[in-house]
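Visitor: Could you take me on a close look at one strand and what sits around it?

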Amino acid sequence: MSASIQAIETILVDMPTIRPHKLSMTTMAVQTMVIVRIKDSDGLEGLGEATTIGGLAYGQESPESVKLTVDTYFKPLLLNQPAAAINTLRVRLDQAARGNNLAKSAIETALLDLQGKRLNRPLSDLLGGALHTHIPVLWTLASGDTAKDIDEAQTLVAQKRHCDFKLKIGSRALMDDVRHVAAIKAAVGSSASVRVDVNQAWDETTAARGMAELQAAGIDLVEQPTPIKDFAALVRLSAKFYIPILADESVADAKDLFVLAAGGFAGAVAMKIAKAGGPLRALEQAAVAQAAGIGLYGGTLLEGTIGTAASLHAWSTLQTLHWGTEMFGPLLMKDDIVIKPLNFHDNGVDLPTGPGLGVELDEDKLSFYRRKA
Ligand code: MUC
Ligand code: MG
């Protein structure tokens, strides 16, 4: 008899950030991780994680709603089921619950971790095997202050921790943002790639002016300039400028990307295991992008080490990541809840080795940072 799922625990972990992280819709001083622990009848455990940004400021699921979704709705569908039947379990969840991709991503990740541990193989092996063991990672400058951002960028370049930067803009007047971005680009020079993420803050005409200015300032990529549902605006803007657009919030899964690509979009996609509903679902989106000639980028919802490791295993199986990744979430947090943190060096991070995700919980840290009742 194959092992069955015996217990599912969800834990809210509140981790302070190393500095305020300012986006167009919220400023983060803490990141909340929903850690999912799935135990099977052989005593093995799989780990998963769900995060979002700023409670309900970013999307329709909050950490608290993810916990409720898993505890109330997913648990009864999963308990006593064969743990290795990951596809069957995903169909079960999808039939019973629409959306809720953050919660589904945490479950899919935990089941994959469990299966990797059972087979004594890294998660990337379950996905066909890694093509890369060191993956490029950029850093997001989002202190809200131009001089502080320049200082941060120069320190990180000198340390060879990152050579590419994403700037969070959209909360200020357009030309104030343009001046901020141009000053940072001038300070880091031509060897660093500088991109911006507007997080939907502009309407289409503001975006057209903004993209012209950013193109002239030598910026390489403009992420999600317009609101989530304005697919047609992304298509029109991508046709007007040679500075490419990175679609983020608009394209959660493979279907969204197919619709955008069929509409004529050219550019790149920020894949996120959270948006798609898990590592397997994120790779389905990658397949659509590859077929449509859309560039790949490994995105984050600022996960801690568990979610970041799961994403890295998925991205490691892709031959070309045209725009690299932003898997720096653990570095934005003051502390970690795993025994051996990921190894960030030489402008990237090492793919963890070891069975499953290749990460192990630090029980003391977990009990220190977990949200008390
Ligand atoms: C987003 O919208 O891309 C990723 C990096 C970061 O700083 O924020 C996130 C979310
Ligand atoms: Mg984004």
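Guide: Two strands pair if DSSP finds at least two bridges between them, and strands themselves are DSSP runs (E, at least two residues), just as helices are (H or I, at least four), all numbered from the N terminus. This is a predicted model, where local features need pLDDT of at least 70, side-chain atom pairs count only at pLDDT 80 or more, and totals for chains, interfaces and linings use all residues. Residues are numbered from 1 along each chain as its sequence is written, chains are lettered from A and ligands numbered from 1 in the order in which they are written, and side-chain values use heavy atoms, leaving out hydrogens and water.

Now for strand S7, residues 193-197. Five of its five residues are buried (under 20% relative accessible area; exposed is over 50%, partly exposed in between; 1.4 Å probe, protein chains only), so S7 is largely enclosed by the rest of the structure. Ser193, Arg195 and Asp197 point one way, while Val194 and Val196 point the other.

On to the partners. Strand S6 (residues 164-168) runs parallel to S7 over five bridges, with aspartate 164 partnering serine 193. Strand S8 (residues 221-223) also pairs with S7 in the parallel sense, over three bridges, and there aspartate 197 stands opposite glutamate 223.

At 13% relative accessibility, lysine 168 counts as buried.
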